[in-house]
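Here is a short report on one protein model.

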Amino acid sequence: QAKGFSPNVVTFISILKACAHAGAMERIEEIVMKIEIKGWLEKEFFLGCALIDMYVKIGSLSKAQEVLDKLPVRNVATWSALIGGYAEHGHGHKALFCFEKMEKEGICPDSIAFLSCLKACGCVVARGKGLEIHAEMEKRGLISDEIMMGNSLLDMYVKCFPLIVARHVFNHL
C-alpha cells in the first residue's frame, strides 16, 4: 500500500491465512473492517471461506458462524469449515446442528463434512446420528474408497458403542 498498490481479494485471502497462522489478533479486526468496507464479503465467495477458516483456526467459532450467516451463498466448503471447527474444538452438538442445517438448505455433504460429523458424534456420544451417518457413507461408497473415512468411523464406534460393536465394524472395513 505504501507503494500505491491496492490489495485485491487474493491479497486479503493471503493476509487472513498469515494472520491465522501467526495468531495476529490485533490485525484481524482491521483487515475484516477493510473487507466489510469494500463490500467484498457479500460478493467474493472465496474471501468468505477464508474468513471462516481463519476464525476457526484461531478458535473464534462465534465469529466464524457470523460470517457464514452473512454469506449470500453458502456451499459445502463453507459449511464444512464451520462444522469441522465446532467438532475440532469439542462443540459436537453445534457441529451436528450445523450439519443438519446444511442438509436442510439442500447442500449435499462431502467427505470433509462426514469426517467432521463422525468426530462430533464421538465427542457427544451421538449414537443415532453416528449410525445415520455411517449408513449414508455406506450408501455413497465412501468407506471403501477412503482410509480416513474408515478410521474416523471406527473412532466414532469406539467412543459411542461397546468395543465388540467397534470390532465388528473394524472387521468389515
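## Cysteines

C108 is partly exposed, with a relative accessible area of 46%. The model is a predicted one. The sulfur of C108 has its closest cysteine sulfur in C117, 12 Å away, which is too far for a bond. C160 is in no disulfide either. For C160 the nearest cysteine sulfur belongs to C121, at 6.4 Å. A disulfide needs two cysteine sulfur atoms within 2.5 Å. By that rule the count is zero disulfides. C160 is buried, with a relative accessible area of 2%.

## Overall fold

The protein chain has twelve helices and zero strands. From the N terminus on, the order of elements is α-α-α-α-α-α-α-α-α-α-α-α. The C-alpha atoms fill a box of roughly 65 × 30 × 25 Å along the principal axes. The chain counts 173 residues, and buried residues make up 43% of them. Take the contacts with a separation of 6 or more: residues 24 or more positions apart account for 57% of these.

## Helix α8

How far apart are the end C-alpha atoms of helix α8? They are 20 Å apart. Helix α8 covers residues 111-124, and at 1.5 Å a residue its 14 residues should span 20 Å, so the two values agree.

Ten of the 14 residues of α8 are buried, so the helix is largely enclosed by the rest of the structure. The buried set is S111, A113, F114, L115, S116, C117, L118, A120, C121 and G122.

D110 caps the N-terminal end of α8. A side-chain oxygen of D110 lies 3.3 Å from the backbone nitrogen of I112.

S116 is a residue of helix α8. S116 is buried, with a relative accessible area of 11%. Beyond its neighbours within four places in sequence, S116 is in contact with S80, I83, G84 and A87.

After α8 comes V125. V125 is in the loop between α8 and α9. Its phi is positive, about 50 degrees, although V125 is not a glycine. Most residues other than glycine have a negative phi. V125 is partly exposed, with a relative accessible area of 42%.

## Helix α9 and residue H134

Helix α9 spans residues 127-140. H134 has its place in this helix, α9. Is H134 buried or exposed? H134 is buried, with a relative accessible area of 14%. Its side chain makes a polar contact with the side chain of Y157, at 2.7 Å. Leaving aside neighbours within four places in sequence, H134 is in contact with I143, L153 and Y157.

## Aromatic rings

The structure holds four aromatic pairs. One of them joins F12 and W40. The F12–W40 pair is edge-to-face, with 5.5 Å from centre to centre and 75 degrees between the planes. It links distant parts of the chain, 28 residues apart. F12 is in helix α1, residues 9-22, and W40 is in helix α3, residues 40-43. Both F12 and W40 are buried.

A charge also meets a ring. The charged end of R127 sits over the ring of F161, 5.5 Å from its centre.

## Residue L68

L68 lies in helix α5, residues 61-70. L68 is buried, with a relative accessible area of 0%. Apart from its neighbours within four places in sequence, L68 is in contact with I52, R74, T78, W79 and L82. L68 and E36 are 32 residues apart in sequence. In space, their C-alpha atoms are 14 Å apart.

## Accessibility at a glance

| Residue | Relative accessible area | State |
|---|---|---|
| L68 | 0% | buried |
| C160 | 2% | buried |
| S116 | 11% | buried |
| H134 | 14% | buried |
| V125 | 42% | partly exposed |
| C108 | 46% | partly exposed |

How values were computed. Residues numbered from 1 in each chain as written. Predicted model: local features only at pLDDT ≥ 70, side-chain atom pairs only at ≥ 80, totals over all residues. Heavy atoms only, no water. Helix = DSSP H or I, 4+ residues; strand = E, 2+ residues; numbered from the N terminus. Expected span 1.5 Å × (residues − 1). Buried < 20%, exposed > 50% of the residue type's maximum accessible area, 1.4 Å probe, protein only. Polar contact = N/O pair within 3.5 Å; in protein donor to acceptor, adjacent residues only side chain to side chain. Phe/Tyr/Trp six-rings, centres within 6.5 Å; stacked < 30°, edge-to-face > 60°. Lys NZ or Arg CZ within 6 Å of the ring centre and 35° of its normal. Contact = heavy atoms within 4.5 Å.
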